[in-house]
Amino acid sequence: MFALSRRKLLAAGAAFGLAATSIAPAFAQDGEGKDKVKAAFVYVGPVGDFGWTYAHDQARKCLEKNLGDKVETSYVENVAEGPDAERVIRQLAQDGNDIVFTTSFGFMNPTIKVAKQFPNVKFEHATGYTTGGNDNMGLYNSKFYQGRAVLGTIAAMMSKTGKAGYVASFPIPEVVMGINAFELAAKKVNPDFKTQVVWVNSWYDPAKEADATKALLSQGADVITQHTDSPAPLQAAEEAGAIAFGQAWNMESFAPNAHMTAIVDQWCPYYTKRVQALLDGTWKADNVWLGMAEGEVEMAPFNDKMPADVKAAAQKIVDETKAGTYEVFTGPIKDQSGEVKIPEGEKIPDEDLLKMDWYVEGVQS
Amino acid sequence: MSLDLLVAILMTIAGAATPLLIAGLGELVVEKSGVLNLGVEGMMLIGAVTGFAVATTTGFPVLGAFAAMVAAALASAIFAVLVLTLMANQVATGLALTIFGTGVSALIGAPFVGITTPTLGTIFPDWLTSTPLLRLVFGHSPLVYLGLLLTLGVWWFLNRSRAGLILRAVGESDTAAHAIGYPVLKVRYLAILFGGAMAGLAGSYYSLVLTPMWAERLTAGRGWIAIALVVFASWRPGRMLAGAYLFGLVITMELQAKAAGFNMFAPEFLAALPYIATIAVLAIISAAKRGSANAPACLGKSFRATA
């Protein structure tokens, strides 16, 4: 047994040496581009969640369509955030992928670790804030909060109780920012508008999301919005006759009456651009945060049940956001204690938004 | 607290408890016969996806619930052949059943992602659900009442019927039961099939009642809670009922407290509370001298007929 395993070990060592010498010239040609790119995607949920992961997978398919036989993609779904993710990412890097997209906040540290070990492979992490100094790792994210401002406006104009229920996953900057954008936009319509947050401590747990929605509805909220990945809150809102919004994808089919609109994640333009850059040899580590103007964040068609004035107000925010004349995080902004945190006319800079850990006035959590 | 709110909370508790109760009762009977089936989560997922598929294609959710029971029972039959006839390790086979169920349900469910279904509505006429108090009695899904009836039925079967006595004998001492002529393997086959059908029914509760949709991993680990509840209940149907509703209460109160704006405790602590409660009860039961945990003596052991 020992001899066999040692022989295997020696063979593996020889193969590794060969591989190393053959990789070196290939790497030198990097600047001249590639004929074909192998791209891998790591998903936190199932591709059938019809939400966050579904949107990423639709973009992966769209990437294949756009670049044809110049790209070969694969994905791993249901990867737990934490140590297991590191194993999966390393495996994908070892399997000869040229670029690995890791699509959840909790994959950031594992991606940094693996990127250090595989300098020839490119990594792109969604929604994170640091690459840990790797120049083969990029960061990308979308300004979903721009969509949240549209939802907040609709919510405040249509609510009778002046209270929205927010089904939220984890108190990370991305989620906190969304809650604040929603409440700030709602407050512009109705200064007394309140947003009640319930944390379900999971990205995906349909039963718990539904129960949280019921709890919020029974406590007087008549608008439901969510930062979790399943359509369960929409269905619970539909049953109770409340209104709600889709998350990550158009979820109208689950709640034809309750679903007013949805924030739709369009990752395809970005994935296509980055893989094309790799083909051209122009890929560089970058940190991008794109929004409605670049077509990364879209609103699903407004429900016909929405009154005309609400539609007009919502569309106005979309148009002004695209034109760059509307920014929801513009002062004066008060925090929960009523103190002015951002003075009149001042905007919260991007880097502060990405670290946001405080709530605006009117958020109850 | 208004009456409306109280009734809404109580109804959510019943809704959260029912699938745990039904799946747990099934597993309780399986374990009483001396078999440990850790595949509850997988069977629930198979039930959830089959129930949904049949309900959407035929338009009859009741048919969906029946199909869910049949499909999950078939999955449990695979488990039964492996652990009873082929005497495979029960823990490993049960885990494999869960992994199998997760995968196969995703495969079957692929064309059903993104659509919704008619639900198993209430069975009583509208005038019986017109006020909050009437709603509390008559406004539930039929499966909530079925769960209560099943508790009574399983209790009666185990403690008052001759067949139940034989099943318990098989679980306590398979060799003795065999020696006096009882068909050990047949009893265990039937118990496993019953457990499978119950898990399937519980799974269909998610896809046909609570969240009428199909998405991968829809049950999100509830099968494991059902298995834990069997130990929590120390293999007694009455305690199973209490345990499932207690669990439903803790889950619901956690969310209600957050929705009402109480933030004395960190949300993470409240989310951990049901599991802390389980561990605490298990510790208390184990510490009690009389009867200790009451586990069937042959639980998890393979049986080979001698002579």
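Seven cavities reach 30 Å³ or more. A cavity is a set of points, on a 1 Å grid over the protein atoms alone, where a 1.4 Å probe fits but cannot get out; lining residues have an atom within 4 Å of a point. Grid points are joined across faces, edges and corners, and a volume is the space filled by probe spheres set on the points. The model is predicted, so totals for linings use all residues, while local features need pLDDT of at least 70 and side-chain atom pairs pLDDT 80 or more. Residues are numbered from 1 along each chain, chains are lettered from A in the order written, and side-chain values use heavy atoms, without hydrogens and water.

| Cavity | Volume | Lining residues by class |
|---|---|---|
| Largest | about 190 Å³ | eight nonpolar, five polar, four charged |

Ala, Val, Leu, Ile, Met, Phe, Trp, Tyr, Cys and Pro count as nonpolar, Asp, Glu, Lys and Arg as charged, the others, Gly among them, as polar.

The largest cavity has 17 lining residues. W52(A), T127(A), E174(A), W203(A) and H227(A) lie nearest its centre. Strands β9 (243-248) and β10 (259-265) of chain A each give two or more residues to this lining. Strands (E, at least two residues) and helices (H or I, at least four) are DSSP runs, numbered from the N terminus. Domain 1 (4-142 + 266-294) and domain 2 (144-263 + 325-355) of chain A each supply at least three; the bounds come from an automatic or database assignment.

The lining of the second largest cavity includes K208(A), D211(A) and R222(B). α1(B) gives the most, with four residues.

Notes
1 Å grid on protein atoms, 1.4 Å probe; cavity = no way out; pocket = protein on both sides within 12 Å on 5 of 7 lines; lining within 4 Å.
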